Every structure is written in structure tokens, then in C-alpha cells.
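Q: Hey, could you walk me through this one? I'm new to it.

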Amino acid sequence: MGACPELHGYTEWGSQTPELPSRVVHEYGIFPTIFRLYREAHPEAEIGCIYEWDGIKYLTDTLALNHYALAPDYQEHPTTLCDMATEYISEKSPNLFAVIFDNPDHVGHADGHDTPEYYEKLKELDGYIGRIVEAVEKAGMLDETIFIVTADHGGIDKGHGGKTMPEMETPFIISGKNIKKGYCFDDLSMMQFDCAAIMAEIFGLEHPQVWIGRSIPLFE
């Protein structure tokens, strides 16, 4: 959403509607998201979002999507979300696609962050990301694609939400067409809502004044 809770109004885990009034809404009464901006600029685009946590659909503006779907319980079907992602890429060649893995959060709560179990889960997810990259390549889109891998929060012990840097710092990995290689922006600051602004720059979109997210110099 390119903005903080004071502006978009979603303030609680599991929010389905804003607890605070959204500062701006579009014609369907929803705060503008990157999905909506891209839809308005490219009405014929293929836009998708699949996820393992059902709550995400209330935050992405499903009216802007061609396709959205919840994967079955990953405890019983650990590879299904990745299977769904590769199938969608193969069949639809999407222009904008979000894949939301929920597994690391649950392992962090059950076994703890910064534990062998946690890193084993990340290793597993790295394999899924590899399959998604391979699907993009097989679809003939690799040279035109940009991948972003990030997270909504960190963790400490078996929890998160507190005032520690391991809980508040998140990874942001970006790779693909015209992205600087080997670049690390240690000298720059970035907040999670900057992701939307970075994506808007990638797509050449002018983002709303209400967005406070900003891009950073990632491009060659």
C-alpha cells in the first residue's frame, strides 16, 4: 500500500477492513495498492496473488486481480503453493504476481527464530523460489522479469512485534532486468512500505500523493 497504518488504516493482525478511516480510497472504497495502480495503467494485464494465509486477500484489493487463491494447509501439502505458482506462470505469463509463503512465521513461533529448524525452512523455501524462477524462464519471460523477495517482519525467540532490531529488520532482495548487480544499500534507509514505491518505479507508474513510500537507486 505504499503507506503506514496511520494512512491506510489497517492496524491489526487479521484486519479485513480498516480500523482507522483510510485517508484516500478509490472508486471501490479501498486504499490504493500497487495492484490497483497497475490495473488502472494496464487494464488488460494479468495480475495474480496466491497465498498460504487467507488474511492477505483483504489487503491486496482482489478487485484489481485476475486470479487469487488460498493454498491448502502447508503442513499436509508443503509444496502446493509453489505448484500453484509454477502452474499459473506457465498458463498465464502474469505481468504482476505475488506469492505469499506463510511457513517461516509458523516455524519461528513453534521452534524459534534463529534456530536450525528455522534455517532448514528457509532452505526449503529457497528451493521453491528456484522452481518459480525456472518456471519464469520456461515461460520465456526471464529477461524481462524482476524478482523481489522480502518479509513482513523478523523475529526473536518464538515471537515478534516487540522493539528489537531482529524483530523489525527484514530482508529485501531484488534481482532482474536493469537491477544493479552485487549492490548493497547499507548507506540508505528503507521501510517496508517503500516496496510499493519501488514497484511503481519499475512499472513507470505515478503513485498517489498519499503514499509515503519512496524508491531507492537500484537501477542500472
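A: Here is a short tour by topic.

A: This is a predicted model, in which local features need pLDDT of at least 70, side-chain atom pairs count only at pLDDT 80 or more, and totals for chains, interfaces and linings use all residues. Residues are numbered from 1 along each chain as its sequence is written, and side-chain values use heavy atoms, with hydrogens and water left out.

Q: Okay, α3 and α5: at what angle do their axes cross?

A: Roughly 10°, and the axes of α3 (residues 80-92) and α5 come within 9 Å. Helices here are DSSP runs (H or I, at least four residues), strands are too (E, at least two), and they are numbered from the N terminus. The axes are lines fitted to C-alpha atoms, for helices over the stretch in contact, with angles from 0 to 180 degrees between N-to-C directions.

Q: So are α3 and α5 roughly parallel or roughly antiparallel?

A: Roughly parallel, a label for angles under 35 degrees; over 145 is roughly antiparallel, 65 to 115 roughly perpendicular, and the rest oblique.

Q: Which residues of α3 and α5 make the contact?

A: From α3 they include Ala85 and Ile89, and from α5 they include Tyr128 and Ile132. Contact means heavy atoms within 4.5 Å.

Q: What is Lys121 in contact with?

A: Leaving aside neighbours within four places in sequence, Lys121 touches Asn103, Pro104 and Val107.

Q: New topic: how many residues of α7 are buried?

A: Seven of the 10 residues of α7 (residues 194-203), so this helix is largely enclosed by the rest of the structure. Among them are Cys195, Ile198 and Met199.

Q: And what do those buried residues of α7 pack against?

A: They pack against α2 (34-41), β3 (96-100), β4 (146-150) and β5 (172-176). Just after α7, Gly204 has a positive phi of about 70°.

Q: Which loop holds Asp61?

A: Asp61 sits in the loop between β1 (47-51) and β2 (67-70). Its phi is near 70°, a positive value in a residue other than glycine, and Asp61 counts as buried at 2% relative accessibility.

Q: What about Asp157, buried or exposed?

A: Asp157 is exposed, at 60% relative accessible area. Asp157 lies in the loop between β4 and α6 (165-168), and its phi is near 55°, again positive in a residue other than glycine.

Terms used:
Buried means under 20% relative accessible area, exposed over 50%, partly exposed in between (1.4 Å probe, protein chains only).
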